[in-house]
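Here are my notes on this model, point by point. Have the sequence and the coordinates open while you read.

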Amino acid sequence: MRRYAIPLLHQCRRDTTEAIIGAITGTLIRPQLLVLGRHDDTGLLRAVGRTVPVRPEQARQISEHLAAADPGHPWEGVRFASSWGSRDTLDTTLVRPDPVAEISADRAIDRGGVFRHPLRYKRLRLDTGAQEIPAFGHDSTAAAG
């Protein structure tokens, strides 16, 4: 019997970082996915990625800190792809971009600062304000933009 070596699957390194929750899918009471962003050097909130679906207990906790977006949200009229390279768009609800989420992200980055793969939500960072997270392109975990 001949034995063949099975190549090891490429293991992607994941790092933990923070981003601002700027939009969700689902409802304010039961968010499903989070669309996340970071401010660039001019202060504009730029999308950096979206999460995989959050678990029900995470959704309950997140919902306590979400509020509908005020007029003038930086993502008004913006459509987000349902997946990398897809023409399908997510049905999103814009939220006040205040809560900060701790996320796990791999290092695959595209389009000058967008995580190529979905992010994994870890927890809310209630001890950190949006102004305290790394700016878009200033964290080695996030893409340089």
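What share of the 145 residues in the chain do buried residues make up? They come to 40%, where buried means under 20% relative accessible area, exposed means over 50% and partly exposed is in between, with a 1.4 Å probe and protein chains only.

1. Ground rules. This is a predicted model, where local features need pLDDT of at least 70, side-chain atom pairs count only at pLDDT 80 or more, and totals for chains, interfaces and linings use all residues. Residues are numbered from 1 along each chain as its sequence is written, and side-chain values use heavy atoms, with hydrogens and water left out.

2. Overall layout. Helices (H or I, at least four residues) and strands (E, at least two) are DSSP runs, numbered from the N terminus. Among contacts with a separation of 6 or more, 65% are between residues 24 or more positions apart; a contact here is heavy atoms within 4.5 Å.

3. Strand 5. Seven of its seven residues are buried, so strand 5 is largely enclosed by the rest of the structure. Both faces are covered: Val100, Glu102, Ser104 and Asp106 are buried on one side, and Ala101, Ile103 and Ala105 on the other. Strand 5 runs antiparallel to strand 8, with four bridges joining them; two strands pair if DSSP finds at least two bridges between them. Serine 104 has arginine 120 as its bridge partner in strand 8.

4. Glutamate 102 and arginine 123 form a salt bridge, with the closest N and O atoms 2.9 Å apart. The rule is a side-chain nitrogen of Lys or Arg within 4 Å of a carboxyl oxygen of Asp or Glu. Because glutamate 102 is in strand 5 and arginine 123 in strand 8, the pair ties together parts that are 21 residues apart in sequence. Are the two partners buried or partly exposed? Glutamate 102 is buried at 13% relative accessible area, while arginine 123 is partly exposed at 39%.

5. The other salt bridges. How many does the rule give in total? The count is five. One of them joins glutamate 18 to arginine 125, again with the closest N and O atoms 2.9 Å apart. That pair links distant parts of the chain, 107 residues apart: glutamate 18 sits in strand 1 (residues 14–26), and arginine 125 in the segment after strand 8 (120–124). Glutamate 18 counts as buried at 16% relative accessibility, and arginine 125 is buried at 16% too. Glu18, Arg125 and Asp127 are linked in a network of salt bridges. Arginine 96 and aspartate 70 also meet in a salt bridge, at 3.4 Å from N to O. Arginine 96 is partly exposed at 33%, and so is aspartate 70 at 42%.

6. Leaving aside neighbours within four places in sequence, threonine 128 is in contact with Val100 and Ile133.

7. Valine 35, in strand 2 (residues 31–39), is buried at 2% relative accessibility. Beyond its neighbours within four places in sequence, its contacts include Ile20, Leu90, Trp75 and Phe80. The count of aromatic pairs is one. The ring centres of tryptophan 75 and phenylalanine 80 are 5.2 Å apart and the planes are at 70°, so the pair is edge-to-face. For reference, rings of Phe, Tyr and Trp (its six-membered ring) pair if their centres lie within 6.5 Å, with planes under 30 degrees apart counted as stacked, over 60 as edge-to-face and the rest as tilted. Both tryptophan 75 and phenylalanine 80 are buried.
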